Every structure is written in structure tokens, then in C-alpha cells.
2 protein chains.
Amino acid sequence: MNTDSVKVFAPATVSNVGPGFDIMGFALYEPGDEVILKKNNTGKLRIVDITGDNGKLSYSPAENTVTIAMKSLLNELELPDNFDVVLNKKMGIGSGLGSSAASAVAGVFALNKLLGLNLSNDMLLNHALIGEKFASGSIHADNVAPCLYGGFILIRGYEPIDIIPLNSPVELYCTAVYPDIEIKTSEARKILPQMYSINDTIKQAGNSAALVAGLLTSNFELISRSIVDVVAEPYRSKLIPFYNKLRDVVLTTGALNCNISGSGPTMFALSANPETAEKIAESMKTVLNEENVNHNIYISRVNKTGPEVRE
Amino acid sequence: MNTDSVKVFAPATVSNVGPGFDIMGFALYEPGDEVILKKNNTGKLRIVDITGDNGKLSYSPAENTVTIAMKSLLNELELPDNFDVVLNKKMGIGSGLGSSAASAVAGVFALNKLLGLNLSNDMLLNHALIGEKFASGSIHADNVAPCLYGGFILIRGYEPIDIIPLNSPVELYCTAVYPDIEIKTSEARKILPQMYSINDTIKQAGNSAALVAGLLTSNFELISRSIVDVVAEPYRSKLIPFYNKLRDVVLTTGALNCNISGSGPTMFALSANPETAEKIAESMKTVLNEENVNHNIYISRVNKTGPEVRE
């Protein structure tokens, strides 16, 4: 490995996972962003190339999540910021797959590796969150934390932030479909009620607690029936015109359940084996072709590793 | 064992357990109700004696949870109802310790044993819930289920009722104090808001999911910091005049946490060992003596067994 440069992959993530609005997420092996970091002699942090973003992202280090996260880390450690950054986006921006979180995590993870800092994930998390905050407007850890730690993550609370890696022993497969329709995160937030009934509050707590129990005891049936969201799905699903049709078809294939990834428009389905994950993908393709909606489908085991160095 | 009669103990239960409003509870070894069931020759279900209730409970089989639950079970099985019932109440009525649930469970559990029916807990549950409904006005399983199954119970949801015994490997000790002040369950319900902010909804889900994670992974620190309730405690604690004082003192003794049991006025504290449970009891006694409040204190390991036949 060249010690002047490093290439890092950071995974896409499915957040919310049904009842875990703002408090749960898990990582995938595919897709994911790639960041290549090289030391330079300019004494400046520069973005030298961005691919796969359709021209949507800024080359200004102060306006890109990857460099904002890196800069935050470098400032805290009082290190010089002489790095060139290449960012290869491998997923849609605003897809609901944690695109900005993946870039921010890739940046700080790459710095940690390139400089041999051996910083803990807890330390890296804070700086990745600062990068992600630029993109989403507020601190949300339900993409950043699973991207960085891998696996299923629970966020107990935000005051202070309390990340709980669930270390679930269960092997799960995810089929995620990113349909080519646009949902702005800010719009997806605005559509949500500000108040919920006591019954809905109880239902959300019951299902999120049950999902954690299912994950920790490898109880597939419990996982399946716990993926019920009363906070976001009833409202956000209306922003996805074919939501009910697609979900209904997916549920006939043996999927454990199907719901919205993050604020959408990506939808995800979980399954207990790769064959079912493939079948789900076929059914998604069929429906979206009928609806004339361009889309990308990703099949992946739940990623328990998090980011990694790539040669 | 005399096959014409049986004596059964059914445990008190702590429901809500902080963030698990309406969805969590656990059983104690002490206190608990006792039911003695004897076959009679009258062809009628009779309550022949009630002790420990201060004259509060009805001898009419149609107006007592224990016989309502039994009658429901006997009706379903089309069995004759020729039984004499003795009910020995060993805890306060309206104490927040699941008094009516314990009586209802004791009744159906005793019938199951006396008649050698070998019915499953799932079957007994439905009839115990019908008895409990008479006392509380609506179906709540967060006392009945832990009383019947033992241990920590999660109720995922009520449509249909979905009981999840957590089978937590952790050994926990509970110190419960029942102060001699009256809180009516109906009043404790009325004081709660009907709507909660999205932030409170997220907090409740995060803490209840984290408490389940703590219980399933024997993580005492996580259990400790997850016992936070934003749905009921902020409101119901106002009905207990010395609540903050007592809780603050208990938290200095090494308790994992302290909160309201059910709708109160009983308060409970969890701890990791019997010595701390004793220290907590001492501190409770000191505070309530200062406040001139009569009280009963119970120290018990979390009861993983549920009801049992006693000689």
C-alpha cells in the first residue's frame, strides 16, 4: 500500500427500518461511495475530482460533506490539511440510501487510515456527523452510525448521542430499489405531523423494541411483523406513487417485510436468504417496468463491517 | 396434593418499567396474591372468603376479577363452575403493582392445575385479560402477561395482542415501595396528554428499544440509562408529592434507575445485586419516615417463573 494515498469504500445505509424513525439503520455491501485521499504539497484541502454525481456536488471544500467532515477532524487534531480528495459517488444523491453520510464517513475513515491515527469509531462519528449535518440540516445519526460501525445500529437518544451497535447474530439480505423520482429530504420532513396520538406513540415504541428483540434473538417472524411504522410511512408513502402496488407484490415473494429507506424514494425489503432477495428484485423490476419508472436495484447481505480500504 | 383443592400464588408485577408505557412489565417474587380453589357440590362458582382487601372487593362472582377470569375460561371449555374460591390479597388494591392482574391470573392458573387441563399460557392469558379488564376498564396486558409468563415481557402490539417473553439472562433485583397515598388508575390516565411531539415519540421508541437491548445483552449500564419515560412519568410523578426527593435519594445508593410502577403510587428501583436492593430499601424508608408517609417495601429478585402451586 502506498502510504501517500488511500482508497476507501463506505457503504450505503437503510435508515428508519420501519419503526426506527431517526433511531435505527443498517449498512449494505452495495452500493457505497469511494473516496481516494492523497497527500499534496499545497497545504490545502482540495477536491480534485467528483464522479457519479451528475454535477450536483460542489468542489468547494466548505460545501461538500466529505471535506467538511475531514476538516472538522483535522482541526480538532490540529493537523495540516494538505490532501487531495477524489469522490466517486456510487449512489443517487437524495436517494434515501445515506449518500451524504457515506461520503462523510469515507472522508474521516480515509484520513484515519492514511495518517495511521487509530482513532475510535466514536471519535470519527462526531466529525462525520458534522459533515452529514451540512447536507441534511440537522444532526441525524441513523445513516452515519451504521455506515461507520456496520451492522444494525440503534440510537437510544441524541442528548447526548448514544449509539448502540446491536451486533445482531442474524444474517439478513436486503433488496433495495431506487426509483428515479425525486423526493427532497426537507419535503419528506415537512409532510410529517408534528404531534402523534398516545396510541401511535405506544405502537412505535412496541414495534421498535420488538424489532430489536427479533434481531438479537434471530427471530425472523418477529423481525417480519415488527417492521411497522406509524410515524413516517403512512405519510411519506404518498410521495411514492407506486408504493402500495410495489410493496404488495414484494410481500408475495417471501420478503420478511418492505418499507421506505430513509426519507425515500428508495424502498427496501428484507429476506432470510439470497434466493428470496433475488426473487424480490425480479418482482420490483416487473412492477417498475410496468410503471415506466427507471430504477436501480441493489441486492446485498447486511454489511457487518462498515467502511474498508480498497486496493 | 389434594386433588379437590389447590393453592396458587401469582406474583405482583411492575409495568411500564420507564419507557415501556403499556408495553412492558416484569414479575416479582414478593408480594403476590394467593387463591385457594376447592371443588364444591353446589354447581356454583362462589367466593367464600377474601382477606387482606380492607373490605374493598366484592364477593359477587360477576364483580371480582378472579371469578370473572375463571368464569370466562370455564365457559369456553363448557365446564361446570362448581368451585369455592378463597382470595388472599397480599398487596394493596390500586397500588400500581398489578393487584387485579395477579388475582385474575391466580384464578385461571389454579383452575388449570386443579383440573389438570394443561392449557398453554397463551390460552390462559385471554381469560385473565378479561378478568383484568373488569378492574381497569380496558385490555392492558402489561401486568397480566408478566404475572402469567414470569420475567420481562414486551407487548409488541394489541391488534392482535402480541406477547414477547424476553427471556432475559440478566439477574436483576427490584426494590418496590408502596406508599399509603391513593392514586386512581382512571385519574392517572386522565392526567396524560392525548398527543405527543414527534421528538417525544422518537425518544420513547429509542429508550424502549434500548432497554430491550440492555436486557437481552446483560448490559447494566444500558438498562440504567434506558429507563427514561417521556409519556407518563413527567405527568404522573406530580401525583406523588415526594417523588423527586425519593428518586434522587434512591439514585445515590447505586440503583440502576428508579421510576413509577404502573400508574403508581408504587415506585420501583432496579439494582444489580441484593446488597444494593437492601440499601435502596433503607433509603426509601428514611425518606418516607421524614415525610410521615406509611409504606410497605418489597425486595425481590425479578421472578422468571410466574405463578406457582403452594402447599
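This is a predicted model: local features need pLDDT of at least 70, side-chain atom pairs count only at pLDDT 80 or more; totals for chains, interfaces and linings use all residues.
Local features need pLDDT of at least 70 and side-chain atom pairs count only at pLDDT 80 or more, whereas totals for chains, interfaces and linings use all residues; side-chain values use heavy atoms, with hydrogens and water left out. Residues are numbered from 1 along each chain as its sequence is written, and chains are lettered from A, and ligands numbered from 1, in the order in which they are written.

Between chain A and chain B, about 2800 Å² is buried, 71% of it from carbon and sulfur atoms; this is the accessible area (1.4 Å probe) lost on putting the two parts together, summed over both. On the side of chain A, the most area is lost to chain B by A:Arg156, A:Ile198 and A:Ile202, together 23% of what that side buries. Because 100% of the interface residues of chain A are also interface residues in chain B, the copies meet through the same surface.

Within chain B, the axes of helix α9 (residues 243-251) and helix α10 (residues 274-290) come within 9 Å and cross at roughly 150°. Here axes are lines fitted to C-alpha atoms over the stretch in contact, with angles from 0 to 180 degrees between N-to-C directions, and helices are DSSP runs (H or I, at least four residues) numbered from the N terminus. The crossing angle therefore makes α9(B) roughly antiparallel (over 145 degrees) to α10(B). Contributing to this contact are B:Lys245, B:Leu246, B:Val249 and B:Val250 of α9(B), and B:Ile280, B:Ser283, B:Met284, B:Val287, B:Leu288 and B:Glu290 of α10(B).

Notes. Helices (H or I, at least four residues) and strands (E, at least two) are DSSP runs, numbered from the N terminus. Angles under 35 degrees count as roughly parallel, over 145 as roughly antiparallel, 65 to 115 as roughly perpendicular and the rest as oblique. Contact means heavy atoms within 4.5 Å.
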